[in-house]
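Please look over the sequence and the model below before reading on.

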Amino acid sequence: MALRLLGCLAALAIACGQAATLAEPSPTELLQKASTNLKDAKTAHIDGTGSFALTSGLSLSFDFKMSGDVEMPDKSRLATEMSVLGQSLSVDTITIGGRTFSKGLIGSGWTVTAANDPQGAMLDPLGQTDLSAVATVTEVDRPVVDGRKTRHLSYSIDQAKLAEKMKAAQTATTASVDVSNATAKGEIWIRTEDNQIVRQLVTISMDMAGDLGIPGASPASSKSTLAMSFDLKFTHLGEPVSPAIAAPPTQ
């Protein structure tokens, strides 16, 4: 009788384990679910580092670190520190619904540019959280991050969709830029308990022909090579952002 009971318990445990395994989302399903959950959280705090490199006549490259808050889907407020051409800069950026406000890049006041302008867009991490153009997803490992279990995934972005997205972002008020050889890939760490993104690493590179609006960039007839990377950590998901993100006064 005891052996029969133990056998039943063992069979039940195996069945439960198989059901749990079957219920676990695939890497692709998990990535899309986590992307949706981040949007549904509405808010998050971001701490991150990154790099920017432009090769076009005069080469320009620098590393930066940033900290601030985001309100999905299109608001962010960040403080960024960088060193450019030997000069230390502290730049504040606020991105709201297609416009980027910056202070610290030019003069002492706030300036505003279109969100797809390279000078503003390079400092906006919200664009990296759009995972709709992902082509392939694979699982790397399952590390513990800050004491909580995660699934670590790597992914690549569809090259054609990335180019189309960047072309669609251009407006009649911004200079035309032709993008080619665009590649993007990333890694992402997702908490298993609630399928929330806690870290994202992104690298992007592309060739660009046209007026980038960046001092030192080549003339419109020449090509530039742009490379960027972001390493972002997400905390305080779903918590109120205070004060709320709003447009600053501009001159």
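Phe230 is buried, with a relative accessible area of 1%, where buried means under 20% relative accessible area, exposed over 50% and partly exposed in between, calculated with a 1.4 Å probe and protein chains only. This is a predicted model, in which local features need pLDDT of at least 70 and side-chain atom pairs count only at pLDDT 80 or more, while totals for chains, interfaces and linings use all residues. Residues are numbered from 1 along each chain as its sequence is written, and side-chain values use heavy atoms, with hydrogens and water left out.

**Aromatic rings**

- A pair of aromatic rings is described by the distance of the centres and the angle of the planes.
- Rings of Phe, Tyr and Trp (its six-membered ring) count as a pair if their centres lie within 6.5 Å, and the planes are called stacked when under 30 degrees apart, edge-to-face when over 60 and tilted for the rest.
- A search of the whole structure finds 3 aromatic pairs, and one of them joins Phe64 and Phe230 edge-to-face, at 5.9 Å centre to centre and with 70° between the planes.
- Because Phe64 lies in strand 2 (residues 60-71) and Phe230 in strand 12 (residues 223-235), this pair ties together parts that are 166 residues apart in sequence; helices (H or I, at least four residues) and strands (E, at least two) are DSSP runs, numbered from the N terminus.
- Phe64 is buried, with a relative accessible area of 5%, and one aromatic cluster is formed by Phe52, Phe62, Phe64 and Phe230.

**Nonpolar cores**

- A nonpolar core is a set of buried Ala, Val, Leu, Ile, Met, Phe, Trp, Tyr and Cys residues joined through side-chain atoms within 4.5 Å.
- The largest nonpolar core has 41 residues, and Leu31, Phe52, Tyr155 and Ile188 touch the most other members.
- Apart from this core lies another, of 6 residues, which includes Ile94, Phe101, Trp110 and Ile245.
- Leaving out residues up to four places away in sequence, Leu31 touches Leu131, Val134, Val137, Leu153, Tyr155, Ile188 and Ile190, where contact means heavy atoms within 4.5 Å.

**Arg199 and the residues around it**

- The charged end of Arg199 sits over the ring of Trp189, 4.3 Å from its centre; a charge sits over a ring if NZ of Lys or CZ of Arg is within 6 Å of the ring centre and within 35 degrees of the ring normal.
- Which residue makes a side-chain polar contact with the side chain of Arg199? The partner is Asp231, at 2.9 Å, and a polar contact is a pair of N or O atoms within 3.5 Å, of which, within protein, one must be able to donate a hydrogen and the other to accept it, while residues adjacent in sequence count only if both atoms are side-chain atoms.
- Asp231 is found in strand 12 and is buried, with a relative accessible area of 18%.
- Not counting residues up to four places away in sequence, Asp231 touches Asp47, Gly48, Thr49, Arg199, Gln200 and Leu201.
- Lys233 also lies in strand 12, and at 48% relative accessibility Lys233 counts as partly exposed.
- Lys233 and Arg199 are 34 residues apart in sequence, and their C-alpha atoms are 4.4 Å apart in space.

**Backbone details**

- A cis peptide bond, with omega about 10°, joins Met72 and Pro73, and Pro73 has its place in the loop between strand 2 and strand 3 (75-84).
- Another cis peptide bond, with omega about -5°, joins Ser242 and Pro243, and Pro243 is found in the segment after strand 12.
- Asp146 has a positive phi of about 55° although it is not a glycine; Asp146 is in the loop between strand 8 (144-145) and strand 9 (148-157) and counts as exposed at 74% relative accessibility.
- Asn181, found in strand 10 (residues 177-191), is a residue other than glycine with a positive phi, near 55°.

**The chain as a whole**

- The secondary structure of the chain comes to 4 helices and 12 strands, and 38% of its 251 residues count as buried.
- Among contacts between residues at least 6 apart in sequence, 57% join residues at least 24 apart.
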